[in-house]
Amino acid sequence: MKRLLCFVLIITSLSGLKGQSPIQAVIPGDFADPSIISNGHQYFAVGTSSEWAPHFPIYKSSDLVNWKQVGYVFDKAPDWTVGSFWAPEFYFMNGKYYVYYTARRKSDNISCIGVAVSDYPDRGYVDKGVLIDHGKEAIDAYIFEDAGQRYISFKAYGLDKRPIELLATRLSPDGLRTVGEPFTLLKDDERIGIEGQSFLKRGDYYYLFYSGGNCCGRECSYDLRVARSKKFEGPYERYAKNPILSENRDWKCSGHGSFVQDPKGKYFYLYHAYNKKSGVFTGRQGLLAELSWPEGNDWPSFQPPVNNDKNTVQNIEDLFRSAKPALYWQWDWRNSSPVITQQKGELRLGGTVSERNNTGIALTVRPGKQAFDISTRVMDSETMATNAVRGLVYYGDLNAALGLGISGNQVQIWRVKQNQFEVLKSVQLSATGPVELRISVNDAHICRFFFKQSGNWEEIQTDEPVSADYLPQWDRSPRPGLHYKGATDEYARFSYFKLEYK
């Protein structure tokens, strides 16, 4: 069984806590819709990857507070998918690890729920195809076991012009088929948008936790609500004092999490929220809260999130000395197919891009803060005399990117807006050989650009400040990294990459 769901959670507001250090995420950077399980002595969490590949990053922890990335569910997208890898649901049964996930189907662009299975929590997942195809959208799977019967619940949308609903159906013993017709758990009668559901059983009641509001972007309004019923099938009574988890001093738009129990019998909820300072530039980050049931109250309430008082946001210094690229590297898989090789202190980046891609290939990492410096050294290569661009990128999407690169014997500041590539400023190099590049981004999202061949860094002055404010996408944060724009039979060579937070 995934979780012993016989508890309720507590998380109170932090609005009155002045003068205290900010609450830090336990999994910093964009890690939305987290799902968590325990194998008895370790915890594993998986989160949304949206349009980044590899798909669905997996993290491991021994204490719920300090986490390390250990793998992905998919290195290659399943053949039936075309994008929107959202809301994975971790589950353990039959001696195997299951991930129920959302993706858009290639044939009609409708969101469906698929399932993948592995003997291991952090690798080796084999896709079993579409499990739920329902209306215009079926997303946000959650598995719940009651009296020996497992159910899969999900959000459904566009059903004969009815409002959004949370539905459920029985699950086969092998976890790979649904059994019978789906039934309604809760309808969006309040017209707030409901999703990201999870369940707890306490006493005679089933408690249905669900997120309401706008999940994503600058105008997010997410919060967590609860309803209860004496039968899993419902009907569910909404709590009069909803929402029970909303914004606090440091975080906003909280919701869509899952539950786990530690060895001492305490229960915890891993969920996502936006940092109020960095917002969409660091995405929906992973927070943790302890669960409890207040004496004399048969509805849940909340305590403050657990604070990771260590420096959870770590700088990156990658010297490319391992046999494979580090796990933190990802790319926009819809618009590029990178070829990445790494050996003896060098990373080579090449590959192909889609016909509509005027940006090139961006190999990126998830930022944990909005203000940072990135730097690299571009090595001599066969492309030195061509128009290929090789260097650094700050990438939002196909039509929203900016960077600093070497092209021929020039250093160029470039930008892509509305899928138009333009050079904002160029500087002539005085010599051949390796060139170091640096982009510095401040809290106001203004970028400065530097290069060095020997001696000190030289800043390239632009006519107007270069802002990254246009980069964030609705459901994901922009990412810094390495960049190549050139012929498919050529590549860029880099001898290091650094990401240093302010």
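Which strands each supply at least two residues of the lining of the largest pocket? They are β4 (55-61) and β5 (67-74), where strands are DSSP runs of E, at least two residues, numbered from the N terminus. The model you are looking at is predicted, with local features needing pLDDT of at least 70 and side-chain atom pairs counting only at pLDDT 80 or more, while totals for chains, interfaces and linings use all residues. Residues are numbered from 1 along each chain as its sequence is written, and side-chain values use heavy atoms, leaving out hydrogens and water.

Let us start with the largest pocket. A pocket here is an open set of points on a 1 Å grid over the protein atoms alone, where a 1.4 Å probe fits, with protein on both sides within 12 Å along at least five of seven lines; its lining residues have an atom within 4 Å of a point. The largest pocket holds about 640 Å³ of space, a volume being the space filled by probe spheres set on the points, which are joined across faces, edges and corners. Look for Pro28, Tyr59, Trp67, Thr312 and Gln314, which lie nearest its centre among 27 lining residues. With four residues, β5 provides the largest share of this lining.

Now turn to the second largest pocket, with a volume of about 530 Å³. It is lined by 20 residues, and Pro54, Tyr72, Asp75, Pro325 and Leu327 are the closest to its centre.
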